[in-house]
Amino acid sequence: MTSASTGAVHPIPPARWPDAAEAAGSALFSPLSIGPLESRTRTWVPAMVPWRCSSEGLVGADIIDWYGRFADGRPGVLVVEATGIRDVPSGPLMRIGHERFEAGLAELVAEVRKRSAGETLVFLQLIDFLAVKRRPTREDYLRRFLTITDRHREGLEQGGTDEEVREALLALPHEELCALLTEREVRDLEMGYRETVNDTHLPHIADLPRRLPGLFADAAQRARAAGFDGVELHLAHAYTMASFLSPRNRRTDGYGGDRQGRHRLPLEALSAVRARVGGDLAVGCRILGDEAIEGGGRIDDACAAACDLAAGGMDWISVSKGGKFEDARQPRVGEAVYPYTGPSGLECMPTVRVSGPPPFGRNLPLARAVRRALRAAGHAIPVVGAGGMNSFELCERALSEGDCDLVGAARQSLADPDWWRKMELGLGTDIRRCAYTNYCEGLDQKHAQVTCRLWDRDFSAPDPGGGKPARSSDGKRRLLPPPWERDD
Ligand SMILES: Cc1cc2nc3c(=O)[nH]c(=O)nc-3n(C[C@H](O)[C@H](O)[C@H](O)COP(=O)(O)O)c2cc1C
Ligand code: SF4
């Protein structure tokens with residue numbers, strides 16, 4: 001089902017780059033309608049969180065420079081990172097849960113327009129996520145967090161106060177302790193407390209279907225006010241909406257169980273967004289073609305969801321894979337579990353060490369199946385494919401063979417944001433090619449400012465605009481890819 005990392009390394013295949021005339025006649029550099037808009041090319045930078053907003057989630061110079069740098073490469077579409085729709089503290093993750101975030105976001109949009117000479121459409125990915133706490137020490141968990149129940153007393157075969165029961169549990173060897181705890185309690189102890197959509201005993205989780213459509217609509221309205229061309233509802237990976245779509249959603253309130261129930265909340269969120277922003281803002285989504293976990297959704301679930309979402313009015317569907325909490329690596333004490341550390345995480349961002357097929361275009365069969373299902377159901381909306389897309393030929397083949405309508409490249413664009421433009425101008429030999437070893441993802445895991453190992457220690461060139469290279473908070477890395485020094 002999922003694949004682990006192996007010692008073997010898939011080599012980066014050599015690439016043949018087009019000259020300018022071939023690029024001009026290619027599918028990749030041809031236009032495409034996306035809802036009410038037209039993308040100049042079929043090139044797409046998917047959302048990537050770089051952890052560069054202020055600790056209050058506000059846009060500042062660092063993040064404006066960051067997206068400006070991606071805009072230099074003039075992709076058809078640039079999707080700005082997963083952005084929290086609630087007004088709650090979330091560290092340096094971008095936020096849009098209040099009007100005060102609009103002004104900064106508007107500056108970011110203006111920078112993208114300027115740096116791309118108006119050639120790049122800029123979308124904002126909207127995300128909701130549930131509480132995840134750091135893994136506690138055994139003592140903290142048993143003395144402070146565990147709710148003592150009759151099950152614990154019966155298991156210990158002793159009565160006494162809660163404090164006495166806690167001390168008795170603390171004295172047990174680990175395996176005996178785990179045998180007395182529920183599955184959920186063991187997870188909270190070993191991985192840290194984490195809420196799921198099935199926790200309907202918690203009023204705020206029971207209430208998600210009433211709260212979320214309005215929150216997504218408010219966020220979309222603010223995104224439109226800030227000047228974004230579109231919003232991408234994040235229905236993928238480890239987050240709230242993907243969990244509603246998942247067969248692991250066991251809610252019995254009409255928002256879980258069968259497919260109709262599981263699709264209901266994302267569709268209601270879409271309707272609320274549409275009702276608020278009308279037809280002039282493009283509205284699409286990112287889904288999982290395969291959750292890549294035990295009991296998770298597979299491609300047939302994804303195809304069914306895609307068809308319902310298209311019928312509900314989505315302007316595009318971007319297809320990703322995996323990235324779940326359920327199989328994530330155990331975090332160290334004091335750290336929080338991270339959804340890209342297990343086998344499903346590797347499926348989401350495959351490296352050159354992945355077992356089975358190499359990472360290059362590895363997830364295209366999922367996009368292809370979703371696209372076929374959409375077409376068979378009469379939906380013409382574009383599908384975005386991503387995962388290891390790193391050469392002209394790979395992109396061209398994916399488009400001409402019907403795997404996808406737009407080609408997403410995240411890490412290759414991080415390694416070289418100018419790569420699209422270099423390709424289009426016939427200067428592909430200048431491209432700095434991603435090594436797919438996930439140094440960037442390691443930084444993301446630590447919520448450190450994301451950079452690429454191919455350029456972050458190279459201080460020889462100034463920042464775009466001529467200033468001294470801006471450095472990461474630890475002072476060791478440059479924050480922006482060096483400018484492209486053209487020879488022609
Ligand atoms: C540093 C980093 C941050 C990411 N953040 C997001 C995100 O905010 N939203 C999202 O849907 N995917 C996110 N992804 C996944 C990428 O969009 C993409 O699907 C994945 O990296 C596979 O594509 P690639 O092989 O072209 O990198 C992130 C990936 C990386 C490397
Ligand atoms: S750090 Fe590695 S995997 Fe990430 S973009 Fe750079 S070369 Fe690619």
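Predicted model: local features only at pLDDT ≥ 70, side-chain atom pairs only at ≥ 80, totals over all residues.
## The paired strands

Several strands of the model lie side by side in pairs. Strand S3 (residues 43-45) pairs with strand S4 in the parallel sense, over two bridges, and here Val45 stands opposite Leu78 of S4. On S4 there is also a parallel pairing with strand S5 (residues 121-127), this time over seven bridges. Within that pairing, Ala82 faces Gln125 in S5. Strand S4 covers residues 77-84, and because eight of its eight residues are buried, the strand is largely enclosed by the rest of the structure.

The pattern continues through S5, which pairs with S6 in the parallel sense over four bridges. Phe123 stands opposite Gly230 in S6. S6 in turn pairs with S7, again in the parallel sense, over five bridges, and Glu232 is placed opposite Gly284 in S7.

## Strand S6 and its two faces

Strand S6 spans residues 230-234, and five of its five residues are buried, so this strand too is largely enclosed by the rest of the structure. In a regular strand, side chains alternate between the two faces of the sheet. Which residues of S6 point one way, and which the other way? Gly230, Glu232 and His234 point one way, while Val231 and Leu233 point the other way, and all of them are buried.

## Helix H13 and its cover

Helix H13 consists of 13 residues, 299-311, and reaches 18 Å from its first C-alpha to its last, close to the 18 Å expected at 1.5 Å a residue. The buried residues of H13 are Asp301, Ala302, Cys303, Ala305, Ala306, Asp308, Leu309 and Ala310. Their cover includes helix H11 (240-245), helix H12 (259-277), strand S7 (282-290), strand S8 (317-321) and helix H15 (364-376).

Gly313 follows H13 and has a phi near 115°. Ala292, in the loop between S7 and H13, has a positive phi of about 60° although it is not a glycine. Ala292 has 26 other C-beta atoms within 10 Å, and therefore counts as buried.

In soluble globular proteins, nonpolar side chains tend to be buried together. The largest nonpolar core of this model has 120 residues, of which Phe216, Ile287, Ala306, Ile317 and Val370 touch the most other members. Helix H10 (residues 208-226) gives the most to this core, namely nine residues. With its neighbours within four places in sequence left aside, Val370 is in contact with Gly289, Ala302, Cys303, Ala306, Ile317, Val319 and Val383.

A second, separate core has seven residues, including Tyr141, Leu169, Leu177 and Leu181. Leu177 belongs to helix H7 (residues 174-180). Is Leu177 buried or exposed? It has 20 other C-beta atoms within 10 Å, and since 20 or more are required, Leu177 counts as buried. Not counting residues up to four places away in sequence, Leu177 touches Leu169 and Leu172. Leu177 and Met314 are 137 residues apart in sequence and 49 Å apart in space, C-alpha to C-alpha.

## The surroundings of ligand 2

How many residues surround ligand 2? There are 13, and the closest are Arg411, Cys434, Tyr439, Cys440 and Cys452. The elements that give two or more residues to this shell are helix H17 (411-415) and helix H19 (439-445). The largest share, three residues, comes from H17. The shell around ligand 2 divides into nine nonpolar, two polar and two charged residues.

His447 is found in the segment after H19. This residue has a positive phi of about 55° although it is not a glycine. His447 has 14 C-beta neighbours inside 10 Å and so counts as partly exposed.

Notes: Residues numbered from 1 in each chain as written. Chains lettered and ligands numbered in written order. Near = placed C-beta within 6 Å. Nonpolar A, V, L, I, M, F, W, Y, C, P; charged D, E, K, R; others polar. Expected span 1.5 Å × (residues − 1). Buried ≥ 20, exposed ≤ 12 C-beta atoms within 10 Å, placed from the backbone. Contact = placed C-beta atoms within 7 Å. Core = buried A, V, L, I, M, F, W, Y, C linked by C-beta atoms within 7 Å. Pairing = 2+ DSSP bridges.
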